[in-house]
Amino acid sequence: GNYAPIESAGAGSRHVVSFARALAGRAAIAVATRLSRTLTGGLAPPIGDIWGETRVFLPEPLTAISRWTCVVSGHSVEVAHDSAAAGLRVSDVLRHLPVALLVRAD
């Protein structure tokens, strides 16, 4: 399938890496933490609210999908739409684990 790097923004943006793969109407998004020790000071896992308002922005063909489910943790996340672009809050995506593999939930 096609590979699309995903841009991020926010205070924690240098600590997250993500990309999307899509083929024949199916899609997956991988999100992972990088340089987590500098993000957390090594005292806590890089999950949940530590990400603040950091977001990953969906590439254009995936903006129509409104809900994603993580196949690793089982939780779902909603796409957040603002004036700039459709994206996912990293604090929601990495709520339970420092990595996520998202697939379409709707």
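This is a predicted model: local features need pLDDT of at least 70, side-chain atom pairs count only at pLDDT 80 or more; totals for chains, interfaces and linings use all residues.
A salt bridge here is a side-chain nitrogen of Lys or Arg within 4 Å of a carboxyl oxygen of Asp or Glu.

Residues are numbered from 1 along each chain as its sequence is written, and side-chain values use heavy atoms, with hydrogens and water left out.

**Stop 1**

Select residues 2-5 and 16-23. These are strands β1 and β3, and they run antiparallel, joined by 4 bridges. (Strands are DSSP runs of E with at least two residues, helices are runs of H or I with at least four, and both are numbered from the N terminus; two strands pair if DSSP finds at least two bridges between them.) Pick Y3 and look across to β3: its bridge partner there is R21.

β3 and β4 pair in the antiparallel sense over 8 bridges. From A20, the bridge partner to find in β4 is I29.

**Stop 2: one ring pair**

The structure holds 1 aromatic pair (rings of Phe, Tyr and Trp, using the six-membered ring for Trp, with centres within 6.5 Å). The ring centres of Y3 and F19 are 5.3 Å apart and the planes sit at 40°, so the pair is tilted; planes under 30 degrees apart would count as stacked and over 60 as edge-to-face. Y3 is in β1 and F19 in β3, so the pair ties together parts that are 16 residues apart in sequence.

Y3 counts as exposed at 52% relative accessibility, whereas F19 is partly exposed at 30%. (Buried is under 20% relative accessible area, exposed over 50%, partly exposed in between, with a 1.4 Å probe and protein chains only.)

**Stop 3: the open sheet**

Next, colour β2, β5, β9 and β8. They form an open sheet of 4 strands in the order β2-β5-β9-β8, with antiparallel pairing. β2 (8-9) and β8 (80-81) stand at the edges with a single partner strand each, so one side of each has no neighbour in the sheet. Zoom in on residues 55-57 and 86-89: 3 bridges join β5 to β9. R55 stands opposite R89 in β9.

**Stop 4: the salt bridges**

There are 4 salt bridges in the structure. Start with E78 and R67, whose side chains meet at 1.9 Å, N to O. E78 lies in β7 (residues 76-78) and R67 in β6 (residues 67-70), so this pair ties together parts that are 11 residues apart in sequence. E78 is partly exposed at 42%, and R67 is partly exposed at 31%.

D49 and R95 form a salt bridge with their closest N and O atoms 3.2 Å apart. D49 is in the loop between α1 (36-40) and β5, and R95 in the loop between α2 (90-93) and β10 (99-104), so the pair ties together parts that are 46 residues apart in sequence. D49 is exposed at 60%, while R95 is partly exposed at 30%. Then select D92 and R89, bridged at 3.6 Å between the closest N and O atoms. D92 is partly exposed at 23%, and R89 is partly exposed at 31%.
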